[in-house]
Amino acid sequence: MKEKLFGKTLEELKLLVRELGLPAFTATQIADWLYRKDITTIQDMSNLSKKARGILEDKFEIGLTKPIQVQESQDGTKKYLFKVSGQNYIESAYIPELKRNTLCVSSQAGCMRRCIFCMTGKQGLLGNLSSGEILNQVKSLPEKETLTNIVYMGMGEPFDNFNEVMKSLEIMTSDWGFGWSPKRITVSTIGILPAVRKFLEKSSCNLAISLHSPYDIEREKLLPVERAHPASEIIEEIRNTEINRYRKISFEYIMFKELNDTPHHAIALAMLLSGIRCRVNLIHYHPIPGTPLGGTPLNGMERFRDLLNSKGIVATIRKSRGQDIDAACGLLSTKEVKLMP
Ligand code: SF4
């Protein structure tokens, strides 16, 4: 099988052309074709010499793959299914809104973290995506020209696939790559301290942390990662890091009925986050089979939001999208993929 060019950084392309004995400037030309233009074969790289194209074609292919299935929600959200290496499948959700169109990308096939409210976690980890497979979800999206925002909130924990995720961010935000502003990209994590630290140091993209409770014992029941990486330590790290004023830090808070939605939760949450320039996103819970949790009704969420706001914490309720096609938060899963005939 040929190696894929798509997903390689400029540094990797420079190394590759050197090994192939091609002129150094070929690396920039290849990056330009891969990330700034639309081509499907190496032969389409028309400013490369015929010889260079031949040498490349012997060992490499572009490596883009189209989605193999799409489902559309009543609210316009679309869920795309992609096949990735290891005979695995992943999903991406395209969420159009009035002024922004967001793509929620996956970083892993399945996930090993087993958060109890998440369908992906029920699959277990099947494999990590390469940076090319992460970016293919953007590049091969039929609506790619309309995209305004990318969130790494699909299947998988991005920081369990740190190197490939960082490579994909480098390609997304570099001038030689997609040239996106980091302000339009958000990486969402359950919070793995060493990776959070490294991410804050090396990337300017926005960061979202899944919190879901201000209390450690309660959070541990929802997110087993709390045992190894307590949220309090992540928050302390963020508090002690100088955050560029353009970078957004947010905390995700799925609201479970009578579990984490009481006034004392709101007050404890406000105390935990005090002094941090951040936003809390309150998220509707979408029940999944085998999990005895219910969602907080909208009026309860509004009361919680108002209490947080009154304590000086910016909090908003995130609109639920794509629930009828299982594209809403926590519902992505390819456990029972049924391909159309
Ligand atoms: S919420 Fe994220 S980290 Fe937790 S199981 Fe689901 S995909 Fe994995």
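User: Is His212 buried or exposed?
Analyst: This is a predicted model, where local features need pLDDT of at least 70, side-chain atom pairs count only at pLDDT 80 or more, and totals for chains, interfaces and linings use all residues. Residues are numbered from 1 along each chain as its sequence is written. Burial counts other C-beta atoms, placed from the backbone, within 10 Å of a residue's own: 20 or more is buried, 12 or fewer exposed, in between partly exposed. His212 has 25 such neighbours inside 10 Å, so His212 is buried.

User: What is the phi of His212?
Analyst: Most residues other than glycine have a negative phi. His212 is not a glycine, yet its phi is positive, at about 70 degrees.

User: How many C-beta atoms lie within 10 Å of Arg114?
Analyst: Arg114 also has a positive phi, near 55 degrees, and is not glycine. Arg114 is partly exposed, because the number of other C-beta atoms within 10 Å is 15.

User: Which residues are around the ligand, and how many of them are charged?
Analyst: A residue is near a molecule if its C-beta atom, placed from the backbone, lies within 6 Å of it. The residues around the ligand are Cys111, Arg113, Arg114, Cys115, Cys118, Thr120, Gly121, Met155, Gly156, Glu157 and Ile190. Ala, Val, Leu, Ile, Met, Phe, Trp, Tyr, Cys and Pro count as nonpolar, Asp, Glu, Lys and Arg as charged, and the others, Gly among them, as polar. The shell divides into five nonpolar, three polar and, for the class asked about, three charged.
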